[in-house]
Amino acid sequence: MADHVRTADGRRLRVEISGDPNGHPVFLLHGTPGSRVGPRPRAMFLYQRGACLISYDRPGYGGSDRKAGRRIGDVVNDVSVVADALGIDRFAVAGRSGGAPHALACAALLPDRVTRAAALVGLAPRDAEGLDWFAGMAPSNVNEFRTAFTDPERFAARLIPRSAAIRSDPAKLLEELRTELTDDDRMIVSDNTIRSMLLRNYLEALRTSPYGWIDDALALTGPWGFDPAQIDVPVLLWHGGLDVFSPASHSSWLAARIPRATAVLEPAAAHFASLRALPTALNWLLSGTTQS
């Protein structure tokens with residue numbers, strides 16, 4: 001197929017497929033900021049598991065047109081368009097970090113199409129009852145999300161020049177995060193293979209505009225458009241206990257509300273350890289996926 005599809009409202013979505021094109025379909029929804037070329041298991045791993053991994057740039061990132069004012073729940077329309085273009089009826093879905101709530105949206109709003117969903121190091125809704133949303137979160141993320149929630153225009157004005165600087169040198173983003181990373185996360189992002197994947201990912205994410213990142217943050221802190229409690233498909237929630245970018249309490253909150261959730265907490269792991277956990281999560285997804 002072509003490397004892009006068109007939505008009903010005329011937007012272009014840039015798509016990438018890896019692994020076995022005839023394998024079990026799994027959508028991988030990237031982080032924030034991120035793109036379709038973000039970290040994923042090696043092609044050989046995917047072929048051996050019989051997995052067809054489908055990624056696309058969320059609106060405003062990479063090669064996908066912006067959809068201003070999008071909510072988390074709006075992802076289901078774009079995922080459906082891509083799946084239809086590929087002739088896929090049923091599929092599994094995984095999301096990491098900012099992609100995790102989008103994976104949960106697919107599980108909630110596409111129950112007849114999604115077989116299983118995995119959400120790694122994700123966030124809970126901003127209005128989650130009984131959850132101190134900012135507790136345990138790094139100061140940089142508290143500042144970013146609080147500004148997005150209380151003053152979206154100021155948030156966008158700050159992120160535009162920051163995005164431009166990262167676009168000119170994507171290593172700047174990792175350097176910004178470095179002081180808030182655990183020793184384990186520093187080791188993970190220093191691995192040459194992972195580092196090159198992350199830098200390529202950030203560069204592509206911000207290549208055309210900062211608005212994918214801006215709109216992601218606004219969507220994550222705004223109304224999601226669905227209730228996680230309505231999810232009726234099996235869900236894997238994976239989190240590192242030392243994560244300060246999306247604290248583990250968010251997954252605990254979700255696990256208590258999603259009826260068929262399996263929660264995995266790695267006490268000594270943090271945010272980027274989710275890259276190590278992704279192959280295991282994909283194995284779990286494939287164990288419940290049927291070819292359509």
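This is a predicted model: local features need pLDDT of at least 70, side-chain atom pairs count only at pLDDT 80 or more; totals for chains, interfaces and linings use all residues.

**Exercise 1. A second case to compare**

Which side chain of opposite charge is nearest to R96? Describe the setting of R96 as well.

*Solution.* 
Step 1: R96 belongs to strand 5, residues 91-96.
Step 2: The nearest side chain of opposite charge is that of D243, at 8.0 Å. R96 is buried and has no salt bridge.
Step 3: With neighbours within four places in sequence left aside, the contacts of R96 include L29, H30 and G31. H271, S274 and L275 are also among them.

**Exercise 2. Pairs that do form**

How many salt bridges does the structure hold? Pick three of them and describe each partner.

*Solution.* 
Step 1: The total is 16 salt bridges. As background, side chains of opposite charge can pair when their charged atoms come close.
Step 2: Start with R36 and D57, whose side chains meet in a salt bridge at 2.7 Å, N to O. This pair links distant parts of the chain, 21 residues apart. R36 is in the loop between strand 3 (24-29) and helix 1 (43-49), while D57 is in the loop between strand 4 (51-56) and helix 2 (75-85). Both R36 and D57 are buried.
Step 3: Go on to R162 and E176, with their closest N and O atoms 2.6 Å apart. R162 has 25% relative accessibility, so it counts as partly exposed. E176 has a relative accessible area of 35%, so it is partly exposed too.
Step 4: Finish with E204 and R207, where the closest N and O atoms are 2.9 Å apart. E204 is buried because its relative accessible area is 13%, whereas R207 is partly exposed at 41%.
Step 5: A network of salt bridges links E16, R36, D57, E204 and R207.

**Exercise 3. Cysteines**

How many disulfides does the count come to?

*Solution.* 
Step 1: The count is zero disulfides.
Step 2: For C52, the nearest cysteine sulfur is that of C106, 16 Å away. A disulfide requires two cysteine sulfur atoms within 2.5 Å, so this distance rules the pair out.
Step 3: Turn to the accessibility values. C52 counts as buried because its relative accessibility is 4%. C106 also counts as buried, because its value is 0%.

**Exercise 4. The nonpolar cores**

Which residues have the most contacts inside the largest nonpolar core? Then say which helix gives the largest share of this core.

*Solution.* 
Step 1: The largest core has 48 residues, and F27 and L29 have the most contacts inside it.
Step 2: Helix 3 (residues 100-109) gives the largest share, seven residues.
Step 3: Zoom in on L29, not counting residues up to four places away in sequence. Among the residues L29 touches are Y56, V75, V93 and C106.
Step 4: There is also a second, separate core of 46 residues, which includes A94, A156, L173 and A205.

**Exercise 5. A leucine in a helix**

Is L220 buried or exposed?

*Solution.* 
Step 1: L220 is found in helix 9, residues 211-221.
Step 2: Its relative accessible area is 2%, so L220 is buried.
Step 3: Not counting residues up to four places away in sequence, L220 touches T32, I72, G98, P101, L123, R126, W133 and F145.

Key:
Residues are numbered from 1 along each chain as its sequence is written. Side-chain values use heavy atoms; hydrogens and water are left out. Buried means under 20% relative accessible area, exposed over 50%, partly exposed in between (1.4 Å probe, protein chains only). Helices (H or I, at least four residues) and strands (E, at least two) are DSSP runs, numbered from the N terminus. Lys and Arg count as positive and Asp and Glu as negative; His and the chain ends are not counted. A salt bridge is a side-chain nitrogen of Lys or Arg within 4 Å of a carboxyl oxygen of Asp or Glu. Contact means heavy atoms within 4.5 Å. A nonpolar core is a set of buried Ala, Val, Leu, Ile, Met, Phe, Trp, Tyr and Cys residues joined through side-chain atoms within 4.5 Å.
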